[in-house]
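The sequence and structure are shown first.

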Amino acid sequence: MLSTLTGARPRVLIFGSGWISTSLYHHLRRSGWIGKVCYRHYRNPALDDEDLLRLPATQKELVRLIDDFQPDYMVIAGGTSFVPEIERDVAVAIDSHIGQTLRILGAVASCSSKPSKILTIGSVAEYGHASVMPITEDAPIAPVDVYGLIKAAQCRSAMTFWEYFGLDV
């Protein structure tokens, strides 16, 4: 991206408007970054209105948003971690974690200009009851609940975009 080459302020596009996204957005803004947050359902009042965007409904609109903003970095942090909510409607949880990640990464793969780095937010729940601490990313995947299973599938989906499309996920 141009800003990393010219010394301009870095640009980040964050997907999700929960606690992680909000904390990251405020930290990066205090550090001089330019940030936008895309929300799907929850318009978080703790975020600045001028930096809050509704997640586009179509892939074409999502590609246009990414191409227009030209982020140096992207963070995918959508979905809930509240297991009872996930268990109430597993299909919605799968769509908000895995489906949204696939749509975003699919759009990035189609963009004319790609971010330098893409971060997807994982969870220790992917690893289940690990026998070794601290848990590292090379620990065996062994989820023990539906949330861990969904996060493991989301991570694997993201890695596929790295393997096949060369996206730095």
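## Aromatic pairs

F161 and F165 are 4 residues apart in helix α6, so about one helical turn separates them. Helices (H or I, at least four residues) and strands (E, at least two) are DSSP runs, numbered from the N terminus. The two rings form a stacked aromatic pair, 5.2 Å centre to centre with 25° between the planes. Rings of Phe, Tyr and Trp (its six-membered ring) pair if their centres lie within 6.5 Å; planes under 30 degrees apart count as stacked, over 60 as edge-to-face and the rest as tilted. F161 is buried, at a relative accessible area of 10%; buried means under 20% relative accessible area, exposed over 50% and partly exposed in between (1.4 Å probe, protein chains only).

The structure holds 2 aromatic pairs. W33 and Y73 form a tilted one, with 5.3 Å centre to centre and 40° between the planes. Because W33 lies in the loop between α2 (19-30) and β2 (34-39) and Y73 in strand β4, this pair ties together parts that are 40 residues apart in sequence. Y73 counts as partly exposed, at 26% relative accessibility.

## Model and confidence

The model is predicted: local features need pLDDT of at least 70 and side-chain atom pairs count only at pLDDT 80 or more, while totals for chains, interfaces and linings use all residues. Residues are numbered from 1 along each chain as its sequence is written, and side-chain values use heavy atoms, with hydrogens and water left out.

The predictor's confidence in each residue, pLDDT, runs from 0 to 100. Its mean over the chain is 92, and 96% of the residues reach 70 or more. Among the elements of the chain, β4 has the highest mean (98) and helix α1 (residues 2-6) the lowest (52). Where pLDDT is low, the predicted coordinates should not be read in detail.

## Nonpolar cores

The largest nonpolar core has 20 residues, of which L13, F15, L62, I66, M74, L105 and I118 touch the most other members. Such a core is a set of buried Ala, Val, Leu, Ile, Met, Phe, Trp, Tyr and Cys residues joined through side-chain atoms within 4.5 Å. At least two residues each come from β1 (11-15), α3 (59-69), β4 (73-76), α5 (90-110) and α6 (146-165). The greatest contribution, 5 residues, is that of α3.

Apart from this core lies another, of 12 residues, including I14, W33, L47 and L52.

## Cysteines

The structure holds 0 disulfides (pairs of cysteine sulfur atoms within 2.5 Å). The sulfur of C38 is 12 Å from the closest cysteine sulfur, in C111, too far for a bond. C38 is buried, with a relative accessible area of 2%, whereas C155 is partly exposed, at 30%.
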